[in-house]
Every structure is written in structure tokens, then in C-alpha cells.
Amino acid sequence: MKKIKIFFLLIINLLIVENIFINTSFASESKNLTVYSPSCILMETSTGEILYEKNAYEIRYPASTTKIMTAILALEHCELTDIATVSHDAIFSVPASYAHASLKEGEELTIEQLLNVLLIPSANDAANVIAEHISGSVSEFANLMNQKALEIGCKNTHYVNPNGIHNDEHTSTAYDLALMGRYAMKNSTFRNIVKTTQYTLPATNKYEKADRIFNTSNDLLRFNSSNSSDNYYYSYTTGVKTGYTSEAGSCIVASAKKDDLEVIAVILGGGRTSTGLSERNTDCITLFNYAFDNYGYQTICESGEIIKETSVFGASEETPNLLLKVSNDISVFSKDIIDLNSIKREITLNGTLIAPIALGNL
């Protein structure tokens, strides 16, 4: 019989951990997945539990998935209304073949505007503007990026720029990028931007028109009603960020949510299948379907449910015992095939309960 021990600190109205993961190996089932890309990972966002991985700790080039970290730092170091000024270097250091937002030297933009063009069309010039605004230079901002990566828990990430323009020393792993994606998606502003499919920059001090219209680079977000095999629209997608360079291949940190379950998939080094399909998008859909078909949250204790009756030292004869109940539902994240009736619920109290005890108090 499986047993979960829950250590409660509050009595009567008990505060509990909302999400528990039952760690059971199902490797034989995940081995049946057809995943084309050389490096990937599938992670449940609430618990951080890894549901599938393939060379997830292999060091690779992250391309524009780098911009997740740039956005994290912008959100933590700036106000959305802060004004940043576009420098000459921010524009002209971007190679011609890389995506840009047609920013103008001397143009003044809010951090919110820059974040939108950073994350939706993947503008490399916007990344440089943010880096210079926060740290004064790209190199100093890269140091800040690496410090934050360590803080989040990344193990093998080294950034040298804020946008993912190729550099042999600019590297990460699928695991580290999943951690960054999970961290970033806790921010509501970030979540709202990365699920947006189109954005228009307004007129500014250096650009009089509002005709800079940008579409998302994430095919999983683009609604398409066709039945063609290259229609990658996935209705549960909630973000996050694509990337591509010839050296990195096709990359993505993608999230999807169905009911109460949200997962993050990271694909690195994707190419094309033998039939010409995008490995990046195909693998994301495969991993998302695997998660939603096999995992979920199930309630093992409902709000108000009495779990235990315990004695209280020094209590009166009229009320010698105390009823312990949960204040919120206790949900278990697990494989759907697990029989939760086999779970034994147990409360362990730290120390002896001594009267008097008021409702909701220790």
C-alpha cells in the first residue's frame, strides 16, 4: 500500500501542500514515443517533475530561447513604463539575417513595448536595447544573465549576449531552459505576452506611423483550420519562445495547459523529418499529448474532510479530543493509471497538543 505522510503545522483549519507528486517510474511507456529532435525535455510546471527527457543535459546552442532570460531580467529590474533609448550599437550589431523590429537610433520605447517585440517576433535589436538600459552594455548584461541562471538552478548555461545571436561560447541545455521557462511563466506579464499572436508598435518620437506589425514566431499558437500535415496549431498552447540559427537548429521552449495540468516542453537542435515536417513542432505536440493523455491531478482529500481525531493534554472532560481537518483540497499529481484508493492518508503531529487551543491556532 502506498502511503503519504503529511506534516501539519496548523490544527482544525489545516494548511497543506496543494500539489504532491507520486514518484513512480513509467519509463517503458515513454520509450514508445517517437521524438525526432536530438535533445528535449518535458516538465510539469507546478512540481518541476520531469515526465520525459532525451539528452536533456547535453550542452547545445539555445538560439533565441535566450530571450526568456532577457525578459526575466527586464521584468525584475524595470517598470513596464520605464523608457529606454535605442542606441546605434543596439541596431547595427545585429547581423542582417537576424530578426529585428526596425527600431530607429534615438527612438524612445517603453520596456513593455520592447518586451512585446522581444518575445513575439523575436526582435534581436530589442534585446540589445533592454540589455544596455539595464546594465549599460551587452557584456555586463550577460554577466547578470549568468548570475540569474545560477539562481534559478541552471547547471550548464553560459550566456554572452541577450538575444541568442550565435557565439560558440553561448550555450545551455534543455533542462536549464525548462527551468527558465517555468520560472518566467510565474510572471503574469510574461505569460500574457508569450501567448499573444500579433503586436503593433505605436508611433514614437522617431517613427510617425503605427505600421510596424509583428506576428508570433510560434506556429503552435497560430490558429489554422486546415487539415494539412504542416498545421501545427495546438489549442492548449500558452507560450513561450522559439529560436533558430543554422548552428543551433530549430529550438523552442513551449508550454501548454489542459484543465489543471500545465507542462513545458523544450526542443533543441530540431530539423525536418523525412516527410519535410518541422521536428520542433511535431515533437512538442507529441510530448504535450503524452502528458495530457497520461498524467493529471486527482483529489485525495477534500476541503473540510476530517482526517484524524487526537487527544489534547490538559483538555476538559467535555472536550478531551480534537478533530483535525483540511482547509483546502489536497491534490496528487500522478499517472492516471495509479489507484489512489491504495494511498494511506496519515497525519503526523510535531509534539504534544496542550490545552487550551483556539480554532485555527497552533
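The legends below accompany close-up views of a predicted model.

**View 1. The whole chain as a setting for the close-ups.**
The protein contains nine helices and 17 strands, and buried residues account for 50% of its 362 residues. Among contacts between residues at least 6 apart in sequence, 67% join residues that are at least 24 apart.

**View 2. Helix α4 and its contact with helix α2.**
Helix α4 spans residues 111-119, and eight of its nine residues are buried, so the helix is largely enclosed by the rest of the structure. The buried residues are Ile 111, Gln 113, Leu 114, Leu 115, Asn 116, Val 117, Leu 118 and Leu 119. The axes of α4 and of helix α2 (residues 67-77) come within 10 Å and cross at roughly 165°; because angles over 145 degrees count as roughly antiparallel, the two helices are therefore described as roughly antiparallel to each other. Their crossing is left-handed. On the α2 side the contact is made by Lys 67, Thr 70, Ala 71, Ala 74 and Leu 75, and on the α4 side by Ile 111, Leu 115, Leu 118 and Leu 119. Of these contact residues, seven are nonpolar, one is polar and one is charged.

Five strands, in the order β5-β4-β12-β11-β10, form an open sheet with antiparallel pairing. Strands β5 (50-54) and β10 (237-245) stand at the edges, where each has a single partner strand, so one side of each is left without a neighbour in the sheet. From one strand to the next the twist averages 5°. Helix α7 (residues 174-184) packs on this sheet and touches β4 (39-44), β5, β11 and β12, with its direction making about 35° with that of β4.

Strands β10 and β11 form a hairpin with three residues between them; they run antiparallel and are joined by eight bridges, and Thr 242 stands opposite Ile 252 in β11. A cis peptide bond, with omega near 15°, leads from Gly 239 to Val 240, and Val 240 has its place in strand β10.

**View 3. The β11-β12 pair and the loop that links the two strands.**
Strand β11 (residues 249-258) and strand β12 (residues 261-270) run antiparallel and are joined by eight bridges, with Lys 258 standing opposite Leu 261 in β12. In the loop between β11 and β12 lies Asp 259, which has a positive phi of about 55° although it is not a glycine. Asp 259 is exposed, with a relative accessible area of 67%.

**View 4. Ser 102 in the loop between α3 and β7.**
Ser 102 is found in the loop that lies between α3 (88-92) and β7 (108-110). Its phi is positive, at about 55°, although Ser 102 is not a glycine. With a relative accessibility of 29%, Ser 102 counts as partly exposed.

**View 5. Asn 289 of helix α9 and Ala 256.**
Asn 289 belongs to helix α9 (residues 279-294) and is partly exposed, with a relative accessible area of 32%. Its C-alpha atom is separated by 9.9 Å from that of Ala 256, a residue that is 33 residues apart from Asn 289 along the chain.

Methods. Residues numbered from 1 in each chain as written. Predicted model: local features only at pLDDT ≥ 70, side-chain atom pairs only at ≥ 80, totals over all residues. Heavy atoms only, no water. Buried < 20%, exposed > 50% of the residue type's maximum accessible area, 1.4 Å probe, protein only. Helix = DSSP H or I, 4+ residues; strand = E, 2+ residues; numbered from the N terminus. Axes fitted to C-alpha atoms, helices over the stretch in contact; angles between N-to-C directions. Parallel < 35°, antiparallel > 145°, perpendicular 65-115°, else oblique. Left-handed = near helix turned anticlockwise from the far one by under 90°. Contact = heavy atoms within 4.5 Å. Nonpolar A, V, L, I, M, F, W, Y, C, P; charged D, E, K, R; others polar. Pairing = 2+ DSSP bridges.
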